[in-house]
Amino acid sequence: MDADEVLARLAELTGPTGEELFAAIVAGLDGRPLTDDAALRLGTALRRSYPAPIVAEALTQAQLRERAAGKFERAGEMFLTRAGWEQASPEIVARHRAARFAPARRLADLCCGIGGDLLALAPGREVVAVDRDPVHLWMARHNAAVYGGHAGTLLADVREVDLARVDGVFVDPARRSARGRMRTGDSEPPLDWCFGLQVPAVGIKAAPGLDHDVVPAGWELEFVAVDRDLKEAVAWSPALATTRARATLLPTGDTLVAAEGDPVEVRGPGRYLLDPNPAVTRAGAVEELARRTGTWKIDERIAFLSADEPVATPFARTLEVIDSGPWDQKRLPRRLRELDVGAVDIRRRGLAGDVDALHKRLKLRGSRRATLVMTRVRDRPWGLVCV
């Protein structure tokens with residue numbers, strides 16, 4: 001579809017026609033979700049009074065806003081594309097990142113997409129947003145304004161932009177192509193180009209699986225999780241870096257850095273099992289967590305910790321162990337029945353196995369819900385039942 005046609009429809013939806021259409025959609029739903037069937041019904045009715053292309057765009061935007069509400073507080077006022085909002089960081093992550101740029105007053109948001117980061121970067125700063133997609137660029141400017149920011153926009157390949165006037169750059173290189181998701185570490189523009197930007201303050205959004213060794217010396221690699229959901233990694237240039245690797249947990253803002261220290265003891269599981277947040281694991285900070293909590297590792301290479309007393313820490317969930325022993329899949333169903341377990345969440349780390357197939361074979365009927373941990377203890381296949 002021609003970008004000019006799309007932009008013309010979007011512009012019309014920002015005026016009185018859009019206000020009427022969005023109000024009519026809300027009234028027609030009467031608090032119910034905008035399902036495909038509801039969209040068909042509403043579209044049929046609205047096309048009696050409005051042009052079909054405008055109605056279709058309004059319904060598309062209404063559906064996208066509904067789906068994006070979990071990411072953006074003001075999703076109901078934003079303009080979105082499906083790819084744009086799916087690939088955008090949640091607002092809480094964007095705001096966390098924007099705070100790191102506090103010393104920079106003139107920023108460039110490269111590969112800005114629909115403006116998921118621009119909405120946090122633009123307020124109070126001079127920002128230029130750059131993208132090759134004119135529709136996304138229009139949306140980015142609009143969405144920044146929804147959050148009280150103003151941004152200049154530039155339709156261009158980010159590699160051709162003059163960055164001489166900016167003192168900070170945020171870049172979110174594309175990790176998907178027309179053929180689908182790229183391999184971890186691959187992007188467009190490439191990470192090597194991003195690391196070579198001649199700007200003091202640089203932040204680069206990356207996949208959470210990014211290899212630490214890819215990041216140049218002097219840079220920081222931050223792994224960001226929302227609750228226990230690992231969202232992404234961010235590479236910070238030396239001007240913004242404060243350590244080599246960091247785990248950050250949102251919304252609390254708790255942070256843990258990988259550090260050198262005394263070796264952590266390795267021994268069998270105790271009464272409690274600590275399952276570190278994935279951000280802690282990816283940051284390589286499990287041993288630092290062990291030192292802080294007085295816990296030990298159950299295997300040299302596995303990121304589970306253990307204790308004989310309950311441990312309260314934001315960086316791991318603590319589970320009580322009610323059964324522990326060498327992995328015995330044949331014995332497992334009978335043992336779970338003896339423990340009155342009727343449902344399990346299976347956590348697998350360091351031990352191969354088909355989780356879905358195991359779920360089907362267990363056929364549990366008890367009254368308790370438990371976590372079944374498939375792992376290794378001193379390099380032996382091991383199973384733990386935890387509550």
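## Largest pocket

The model is predicted. In the lining of its largest pocket, helix 5 is the element that gives the most, with four residues. The space in this pocket comes to about 840 Å³. Its lining is made up of 37 residues, and those closest to the centre are Gln87, Asp172, Pro173, Ala174 and Arg175. Two elements give two or more residues to this lining: helix 5, which spans 82-87, and strand 9, which spans 229-236.

By class, the lining of the largest pocket holds 17 charged, 14 nonpolar and six polar residues.

## Second largest pocket

The second largest pocket holds about 210 Å³ of space. Its lining consists of Phe22, Ile25, Val26, Leu29, Leu34, Ala62, Arg65, Glu66 and Gly76. Helix 2 (16-29) and helix 4 (52-68) are the elements that give two or more residues to this lining. Helix 2 has the largest share, with four residues.

Six residues of the lining of the second largest pocket are nonpolar, two are charged and one is polar.

## Helix 2 against helix 4

The two helices that contribute to the second largest pocket also pack against each other, at an angle of about 60° and with their axes 10 Å apart.

On the helix 2 side, the contact is made by Thr17, Leu21, Phe22 and Ile25. Helix 4 meets them with Ile54, Val55, Ala58, Leu59, Gln61, Ala62 and Arg65. The contact has eight nonpolar residues, two polar and one charged. Among the residues of this contact, Phe22, Ile25, Ala62 and Arg65 also line the second largest pocket.

## Helix 2 against helix 3

Helix 2 also packs with helix 3, which covers residues 36-46; the angle is about 130° and the axes lie 11 Å apart. That angle makes helix 2 oblique to helix 3. Here too the crossing is right-handed.

From helix 2, the residues in contact are Leu21, Ala24, Ile25, Gly28 and Leu29. From helix 3, they are Ala38, Arg41, Leu42 and Leu46. Seven residues of this contact are nonpolar, with one polar and one charged. Leu21 and Ile25 of helix 2 meet helix 3, and both also meet helix 4. Leu29 touches helix 3 and lines the second largest pocket.

How many cavities of 30 Å³ or more does a search of the whole structure find? The search finds one. The largest cavity has a volume of about 50 Å³.

Lining this cavity are Pro173, Arg175, Thr184, Gly185, Asp186, Ser187, Leu191, Lys205, Ala206, Ala207 and Leu210. The lining divides into five nonpolar, three polar and three charged residues. Pro173 and Arg175 belong to the cavity lining and are also among the residues closest to the centre of the largest pocket.

Note on methods: Residues numbered from 1 in each chain as written. Predicted model: local features only at pLDDT ≥ 70, side-chain atom pairs only at ≥ 80, totals over all residues. Heavy atoms only, no water. 1 Å grid on protein atoms, 1.4 Å probe; cavity = no way out; pocket = protein on both sides within 12 Å on 5 of 7 lines; lining within 4 Å. Points joined across faces, edges and corners; volume = space filled by probe spheres on them. Nonpolar A, V, L, I, M, F, W, Y, C, P; charged D, E, K, R; others polar. Axes fitted to C-alpha atoms, helices over the stretch in contact; angles between N-to-C directions. Parallel < 35°, antiparallel > 145°, perpendicular 65-115°, else oblique. Left-handed = near helix turned anticlockwise from the far one by under 90°. Contact = heavy atoms within 4.5 Å.
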